[in-house]
Amino acid sequence: MSAESDLVAPADTGVHQKAVNQGVAPATYGQGDRPPRGDYAQARTDYTCEQDWATYSAADHDLYRRLYERQAAQLPGLACDEFIAAVKHLGSPTHIPRFDALSDAVYRATRWEVVAVPGLIPEEAFFSLLSRRKFPVTGWIRKPEEFDYVVEPDVFHDLFGHVPLLFNPMFADYMQAYGAGGLKASRLESCEYLARLYWYTVEFGLIDTPAGLRAYGAGILSSAGELRHSVTSPQPRRVGFDLERIMRTRYTIDSYQSSYFVIDSFQQLFDATAPDFTPLYRRVAAQDEIAAGSVVAADRLY
Ligand SMILES: [Fe+2]
């Protein structure tokens, strides 16, 4: 099976497992009838933990290297220039990076930090970390038999997919704004709409460039098969970025996306999401949802 979206959104409709930390359950997503993968016993109250780099085996590092090399070979012509320029900050692919060294490098660039977490964490904890410019990265790596597909995001998805664009100042600011917006959406019970924004931008976003469409979403960039599919396949719909349209659009987590949304620039993304979402949430709630893969009259198609 080729890799599909190897992640879940931070705020998808979650089934909460029994509490393991501070009376707050780590959110699991999708079917949700199993506990989240990862050791939560060592996590702090904000769900961060130590990376415990010494526990990675030689096989773990080798698996990371193979995942990295497979993806890196595909980037030219498919990934956006900003991502390609920044991926070198991950360092040598021969071993899983040490988060503390990587964190120092991101901090020097954009004042973001990389922090370890046991795995999926609750929405509010996730939003809180982002709002403080701390990006949570799962410590564990998938098993060899999960080379092509892993259900929950692992260290490879989180690092390779997400961390390079944290070196981009505009995207870094967008991520912080998203976290702050998430905390507010939690109070307004609008997390589902905001989760769609994350899904269709941070995880599965495309950007229009003079050289053609390119991927910037982490779910695409860390997927063996979806990177090419998202940019070149005639099958999916590629729709010009429209915030309200995105918030109305459902998504699927177990297949390649049938809809992608295309931004013109990270500036556009930041500017479009700067206003107060409160009236927008009300408008979205008053309208029908849109199925993934469908087209509506106002769509600007690529
Ligand atoms: Fe992700």
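Tutor: Let's start with Tyr 47, which sits in the loop between β2 (27–28) and α1. Keep in mind that this is a predicted model.

Student: Okay, what makes Tyr 47 count as buried?

Tutor: Count the neighbours: Tyr 47 has 25 C-beta neighbours inside 10 Å. The cut-off for buried is 20 or more, so with 25 Tyr 47 counts as buried.

Student: And what is there to say about phi of Tyr 47?

Tutor: Phi of Tyr 47 is near 75°, a positive value in a residue other than glycine. Most residues other than glycine have a negative phi. Arg 111 also has a positive phi, near 65°. You'll find Arg 111 in the loop between α3 (99–110) and β3 (113–117).

Student: Why is Arg 111 called partly exposed?

Tutor: Arg 111 has 13 other C-beta atoms within 10 Å. Exposed means 12 or fewer and buried means 20 or more, so 13 falls in between and Arg 111 is partly exposed.

Student: Which class does Ala 180 belong to?

Tutor: Ala 180, in helix α6, has 14 other C-beta atoms within 10 Å. The C-alpha atoms of Ala 180 and Leu 129 are 9.3 Å apart, although 51 residues separate the two along the chain.

Student: How do you know how α6 runs relative to α7?

Tutor: Look at the axes: those of α6 (residues 169–188) and α7 come within 9 Å and cross at roughly 160°. Angles over 145 degrees count as roughly antiparallel, so α6 is roughly antiparallel to α7.

Student: Which residues meet there?

Tutor: From α6 come Tyr 178, Gly 181, Gly 182, Ala 185 and Ser 186, and from α7 come Cys 191, Leu 194 and Tyr 198. They split into five nonpolar, three polar and no charged residues.

Student: Why is α7 described as largely enclosed?

Tutor: Twelve of the 13 residues of α7 are buried, so the rest of the structure largely encloses this helix. Among the buried ones are Arg 196, Trp 199 and Glu 203.

Student: And what makes α5 (residues 155–162) largely enclosed?

Tutor: Eight of its eight residues are buried, so α5 gets that description too. Its buried residues include Phe 156, His 157 and Asp 158. They pack against α1 (58–72), β4 (134–138) and α8 (218–221).

Student: Where does the largest nonpolar core come in?

Tutor: That core has 77 residues, and Val 114, Val 137, Leu 166, Ala 215 and Leu 221 are those with the most contacts inside it. Helix α7 (residues 191–203) supplies the largest share, nine residues. Beyond four places in sequence, the contacts of Ala 215 include Leu 78, Cys 80, Leu 206 and Val 231.

Student: How much of the whole protein is buried?

Tutor: Of its 302 residues, 46% count as buried. Overall there are twelve helices and eight strands.

Student: Last one: how confident is the predictor, and where does pLDDT stay under 50?

Tutor: The mean pLDDT is 88, and 89% of the residues reach 70 or more. Over residues 1–25, though, pLDDT stays under 50. Where pLDDT is low, the predicted coordinates should not be read in detail. The model does have 82 contacts beyond four places in sequence for residues 1–25.

Notes. Residues are numbered from 1 along each chain as its sequence is written. This is a predicted model: local features need pLDDT of at least 70, side-chain atom pairs count only at pLDDT 80 or more; totals for chains, interfaces and linings use all residues. A nonpolar core is a set of buried Ala, Val, Leu, Ile, Met, Phe, Trp, Tyr and Cys residues joined through C-beta atoms within 7 Å. Helices (H or I, at least four residues) and strands (E, at least two) are DSSP runs, numbered from the N terminus. Two residues are in contact if their C-beta atoms, placed from the backbone, lie within 7 Å. pLDDT is the predictor's confidence in each residue, from 0 to 100. Axes are lines fitted to C-alpha atoms, for helices over the stretch in contact, and angles run from 0 to 180 degrees between N-to-C directions. Angles under 35 degrees count as roughly parallel, over 145 as roughly antiparallel, 65 to 115 as roughly perpendicular and the rest as oblique. Ala, Val, Leu, Ile, Met, Phe, Trp, Tyr, Cys and Pro count as nonpolar, Asp, Glu, Lys and Arg as charged, and the others, Gly among them, as polar.
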